[in-house]
Amino acid sequence: MADQKTLAEPGGDAPYRRMTRPMEGRLLGGVAQGLAAQLKLDPVVIRLMFVLLCVAGGAGAVAYAVLWMIAPREPYEGAPPPRDWSQLAAFSAIGVALLAFGWLTGASKGGIGMLPFAVGGIGALILWQQADPERRKGWVSGATKSIRGNRVRTLLGVTLVVIGAIGFLAAEGELAAAQPGLLFTGVVVGGLTVIAAPWLAGLWKELQLERRERIRQEERAEVAAMVHDSVLHTLTLIQRVAHDPREVVRLARAQERDLRNWLYQPAQDADATLAAAVRRIAAEEEDAHGVAIEVVCVGDMDIDAGGRLAAMLKASRQAMVNAAKYSESPTISVYAEVEGDEATIFVKDRGKGFDLDAVPLDRMGIRESIIGRMERHGGTARVRTEPGEGTEVMLTMKITKD
Amino acid sequence: MTRVLIVDDHRLFRSGVRAELGDSIQVVGEAEDVETAVKAIAELQPDVVLLDVHMPGGGGQEVLRRVLGSGSQVRFLALSVSDAAEDVIGVIRGGARGYVTKNISGRELTDAIRRVADGDAVFSPRLAGFVLDAFASSEAPSIDPELDSLTQREREVLRLIARGYAYKEIAKELFISVKTVETHVSSVLRKLQLSNRHELSRWATARRLV
């Protein structure tokens, strides 16, 4: 576990974020991916690290299990995506190969003595991950700038390699005796690196390319799904109801709104903030009545727990319904504004308007659902209308934090 | 008679606009991308260019950069299906004198063109909302207080536009003349184009990431 704590340090400069286990792209429990995201490293490196630690005394398995338990699963909607079994098999194969190697060379008998090896290996992996083609070019050209940004991580990698090597030798108690052997080992490793580096670099590059391609394909699939599910569907519907212009307009508007939301609006929880809730109500009433409702929002606030904004939203919905049903105006303008602790919603139409005093007392729409409701919750509602001049309903509510 | 050039990459849309515009407007030409637009503007010298924001070859902003960069006095009215903040703020800061969305009615569009031709600015409710939002927060120290904030009156005018009021209705509401309303809107446009408020640029892009 100590190893992971050290590894977690470089992430410290970023704002603290709790580690989660993503469902998408997980191989086992998503722990390696979550950790990778947390440390801004490649998941492959983390996975190899776990494999290495598993082989070397089983610490990896314990660490994995512990992390699995403490890291919450990332929320994911729909059926969990299938795992990439081929990758899992590949990592298992690496583990088995390492185990066999350890057993053959007798290194595994060293038990705890293998740990330094593992630490060294992890360090090397981190170093390797740093060395993507562009960064390597940066190194060659002597541009120290690119390294400076990741100096901490690079330093950590180097330190781990050195500590691993020294620790191993110290554990074996032959640090002094190993000096000539160390030299030759260094030469051999150097030689192997020189031989294998271009090939490994090529492999790495290919892997990156492949991943980018996969991401692109996933994006395209998402767009295709969106177009298919909504746009094509709506176009078909429009052809079928072509004789009913009202319905055609309604369908087209609904589809336009959907597409706009998807393209331009951040994903919002419609019940969390005032602006999102107003947009949703407008969309629902637009759908129900086939009248275009244009919404403009300035500022935003969370829906209060006291239910005052909820009451205001209900009143605004009633105002929209009235305008859509009775005003005969082709469009309705809704403007929601939050300034300081005051929320205001305007609902305006350019329809035929009416005489407010002539509205019979038993008509619940305006008097009860709008004015009464606002006043009961400590807000105010004003209605401005005149026959032929359209109608504007103005709702104001003060939200004091309590 | 106002002479107008329509720049849009959708032929159907161009002919639609042509049919909808009132008698006081004369469409002198059409262009379908940045290259043809720049050439047509130089040749025809229209009073107003109806400019689509998204087009092949760099979009409306590229047209603005090349035409206004060469010192031309042609006036632009941006017309787009997009109501994304960075598009709207982008073309306005690029030099367009107004922004309307394509679902605008023919009568309103005619009105908007006439207004731009007269040197005034045209704000859609949504653009007014964007501006109110962008000038609302006051965390950053302002470099030029005159440019970096709106006057109370300008705020009132913008708020009424956002509420769906026409200029005439705003004038009646605030007991001022339509000309004064236009002056206020033009002044807001100038601030929008010249202000260095970093909220303006940052906000427009951040809006998508939030």
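**View 1. Chain A is built from 14 helices and five strands.** Helices here are DSSP runs of H or I with at least four residues, strands are E runs of at least two, and both are numbered from the N terminus. This is a predicted model, so local features need pLDDT of at least 70 and side-chain atom pairs count only at pLDDT 80 or more, while totals for chains, interfaces and linings use all residues. Residues are numbered from 1 along each chain as its sequence is written, and chains are lettered from A and ligands numbered from 1 in the order in which they are written. Of the 402 residues in chain A, 28% are buried (20 or more other C-beta atoms within 10 Å of the residue's own, with C-beta atoms placed from the backbone).

**View 2. Helix 12 and helix 13 of chain A pack with their axes 10 Å apart.** The angle is about 30 degrees, with axes fitted to C-alpha atoms over the stretch in contact and angles running from 0 to 180 degrees between N-to-C directions. That's why helix 12 and helix 13 of chain A count as roughly parallel (angles under 35 degrees). Contact means that the C-beta atoms of two residues, placed from the backbone, lie within 7 Å.

**View 3. Val278(A) sits in the largest nonpolar core, which has 100 residues.** Such a core is a set of buried Ala, Val, Leu, Ile, Met, Phe, Trp, Tyr and Cys residues joined through C-beta atoms within 7 Å. Val278(A), Met320(A), Val334(A), Leu50(B), Leu51(B), Leu77(B) and Val131(B) touch the most other members. Helix 13 of chain A gives the most to this core, with eight residues. Leaving out residues up to four places away in sequence, Val278(A) touches several residues, including Val295(A), Leu313(A) and Ile345(A).

**View 4. Helix 8 of chain B packs against parts of both chains.** Its buried residues are Val157(B), Leu158(B), Arg159(B), Leu160(B), Ile161(B) and Ala162(B). Their partners include strand 1 and strand 2 of chain A, plus helix 6 and helix 10 of chain B. After helix 8 of chain B comes Gly164(B), with a positive phi near 100 degrees.

**View 5. Twelve residues of chain B meet eleven residues of chain A.** On the chain B side, helix 6 gives the most, with five residues.

How values were computed: Buried ≥ 20, exposed ≤ 12 C-beta atoms within 10 Å, placed from the backbone. Parallel < 35°, antiparallel > 145°, perpendicular 65-115°, else oblique.
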